[in-house]
Amino acid sequence: MTDHHATQRYRRAGAAGIVVGALLMALTVVALPWLKSLALLSPAATGGSVLAARLFLVALGAFVVIEMPLLLVVLIRMAWRNFPPRQLNAIHFLYTLSPTFYGIIGALLTGVAWWAPLMWALGLVRILSSHFAIDPSRLAQKRRESTQRPAPRAAPDLATIRAFVLDMDGVLYRGNHVRDGAVDFVRYLAQREIPFVFLTNNATRSSAMYGEKLAALGIEVPPSRIIGAAQASAEALARSAVKGARVLPIGTDALRQALAAQHFTLVDGPPADYVVVGLDPELSYEKLKRAALAIRGGAQFIGTNPDKTFPAEEGLVPGNGSALAYLEAATDQPPRIMGKPSLPMMQVALSHLDVPASEVAMVGDRIETDIVGGQAAEMVTVLLLGGVSSRTAAEQASPPPDFIFDDLGDLLRHYRAARHDP
Ligand SMILES: [Mg+2]
């Protein structure tokens with residue numbers, strides 16, 4: 001039922017309460033002579049104190065019988081968002097009707113008929129107040145607001161960070177040039193024994209190959225601290241796959257090695273349990289055909305990373321996302337992405353650190369992958385400028401990154417200050 005229909009029924013129930021109440025009022029006026037004979041406040045009744053007691057008891061009884069359950073239900077309704085609408089309408093009907101009973105009780109007590117319409121008029125006030133309190137459309141709006149608003153989160157503090165996940169391209173280096181502060185930052189983490197890993201969406205190189213590249217730039221780290229999209233995909237897949245499952249890889253040797261290291265059985269064509277697609281500089285129609293046939297044959301379609309293009313010296317050239325789009329068109333199946341910003345890669349990174357996500361900083365230069373991925377994994381997010389995303393883009397992001405710094409040198413200065421480590 002839509003909010004609009006819920007509101008209409010709710011209002012109809014309220015209107016029905018008013019109409020029934022009006023009919024009862026009319027009956028009360030007609031029955032006035034009889035009510036006068038019953039009137040508890042008439043001189044025919046016994047002494048004043050007895051009358052006062054009766055009055056008190058009747059009023060209290062009416063209040064408990066009619067008001068308390070309704071009040072309770074209204075309060076429950078306000079707290080319990082999914083209260084069944086049908087019951088809500090029945091309660092609303094009674095709620096608008098209840099002043100009528102006061103009117104009848106009033107007439108019964110005094111023998112004066114105008115008591116009844118007077119009390120009934122109060123029902124109009126009642127309808128307005130209940131409308132504002134429990135109208136379904138207003139509650140639906142509240143519900144939307146409460147689900148849209150992100151859960152309140154304590155403002156992050158750099159001092160609470162106990163581990164780092166660092167994007168590579170644009171954070172540690174740009175092309176073949178190391179970025180300012182990168183060497184010092186990594187040295188500081190090693191000296192203070194602060195756990196860290198490097199994370200890249202590139203699936204064409206192995207961790208050892210990245211280790212060599214970083215060493216040439218003056219950053220010495222063991223390959224175990226470097227997680228590429230090939231390794232992350234293989235590790236993430238190994239968590240859910242049956243041991244020895246058949247994988248048809250499309251990609252470089254780095255991808256084949258990463259999958260073999262997780263004990264998958266590599267196949268060159270269908271049948272397969274998984275087709276894992278990473279950037280392949282030697283991609284051919286023949287490879288795409290085998291992959292498409294395997295996916296049509298029931299294999300799960302996995303993409304290491306979604307990047308449609310990447311910058312090269314010649315300009316923007318096709319990335320892995322372009323091959324994924326080709327296969328999606330050929331199989332009518334979307335790929336399951338493992339790399340940033342998807343959770344599998346973030347979870348693999350966190351599993352290498354053994355520190356709760358809320359105390360891990362994800363440091364990157366691209367909002368759509370690094371920052372969005374870090375936020376999805378509930379990490380603290382740090383955007384470094386001078387790479388892909390600008391400060392303006394970061395400030396307009398929803399939600400924006402927790403911190404914005406110029407480079408790793410800038411981050412190191414603030415981190416040391418926050419830790420009181422001069
Ligand atoms: Mg980057």
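Where is the place of Met-119? I looked it up and found Met-119 in helix H5, residues 115–134. Helices (H or I, at least four residues) and strands (E, at least two) are DSSP runs, numbered from the N terminus.

**Entry: ground rules**

I am working with a predicted model, in which local features need pLDDT of at least 70, side-chain atom pairs count only at pLDDT 80 or more, and totals for chains, interfaces and linings use all residues. Residues are numbered from 1 along each chain as its sequence is written.

**Entry: Met-119**

The cut-offs are 20 or more other C-beta atoms within 10 Å of a residue's own for buried, 12 or fewer for exposed, and partly exposed in between, with C-beta atoms placed from the backbone. I also took the C-alpha separation of Met-119 and Phe-101, which is 8.4 Å for two residues 18 apart along the chain.

**Entry: the whole chain**

I noted 16 helices and 15 strands in the protein chain. Of the 422 residues, 37% are buried. For contacts between residues at least 6 apart in sequence, I found that 69% join residues at least 24 apart. Two residues are in contact if their C-beta atoms, placed from the backbone, lie within 7 Å.

**Entry: nonpolar cores**

Which residues touch the most other members of the largest nonpolar core? They are Leu-166, Val-275, Val-363 and Val-382, in a core of 75 residues. Helix H9 (residues 229–240) gives the most to this core, namely six residues. I counted as a nonpolar core a set of buried Ala, Val, Leu, Ile, Met, Phe, Trp, Tyr and Cys residues joined through C-beta atoms within 7 Å. Another core lies apart from it and has seven residues, among them Tyr-10, Ala-13, Leu-88 and Phe-93.

I then listed the contacts of Val-275, leaving aside its neighbours within four places in sequence. Val-275 is in contact with Leu-248, Ile-250, Ala-291, Ala-294, Ile-295, Ala-299, Phe-301 and Ile-302.

**Entry: H9 and H10**

H9 and helix H10 (residues 253–261) pack at an angle of about 30 degrees, and their axes are 8 Å apart. H9 is therefore roughly parallel to H10. The axes are lines fitted to C-alpha atoms, for helices over the stretch in contact, and angles run from 0 to 180 degrees between N-to-C directions. Angles under 35 degrees count as roughly parallel, over 145 as roughly antiparallel, 65 to 115 as roughly perpendicular and the rest as oblique. From H9, Ala-230, Gln-231 and Ala-234 meet Ala-254, Leu-255, Ala-258, Leu-259 and Ala-261 of H10. I sorted the residues of this contact into seven nonpolar, one polar and no charged. In this sorting Ala, Val, Leu, Ile, Met, Phe, Trp, Tyr, Cys and Pro are nonpolar, Asp, Glu, Lys and Arg are charged, and the others, Gly among them, are polar.

**Entry: H11 and H12**

Helix H11 (residues 285–296) packs against helix H12 (residues 320–331) at about 50 degrees, with the axes 10 Å apart. H11 is therefore oblique to H12. On the H11 side I found Leu-288, Ala-291, Ala-292, Ile-295 and Arg-296 in the contact, and on the H12 side Tyr-326, Leu-327, Ala-330 and Thr-331. The contact has seven nonpolar, one polar and one charged residues.

How many of the ten residues of H14 are buried? Eight are, and H14 is mostly covered. The buried residues are Ile-367, Thr-369, Asp-370, Ile-371, Val-372, Gly-373, Gly-374 and Gln-375. Their cover includes strand E1 (163–167), helix H13 (343–351), strand E13 (360–364), E14 and H15.

Glu-378 follows H14 and has a positive phi, near 60 degrees. I placed Glu-378 in the loop between helix H14 (367–376) and strand E14 (380–384). Glu-378 counts as partly exposed because it has 15 C-beta neighbours inside 10 Å.

**Entry: other backbone points**

His-420 is a residue other than glycine with a positive phi, near 55 degrees. It lies in the segment after helix H16 (408–418). With 7 C-beta neighbours inside 10 Å, His-420 counts as exposed.

I also noted a cis peptide bond joining Pro-270 and Pro-271, with omega about 0 degrees. Pro-271 lies in the loop between strand E7 (265–266) and strand E8 (274–277). A cis peptide bond joins Ser-398 and Pro-399 too, with omega about -5 degrees. Pro-399 is in the loop between helix H15 (391–396) and strand E15 (403–405).
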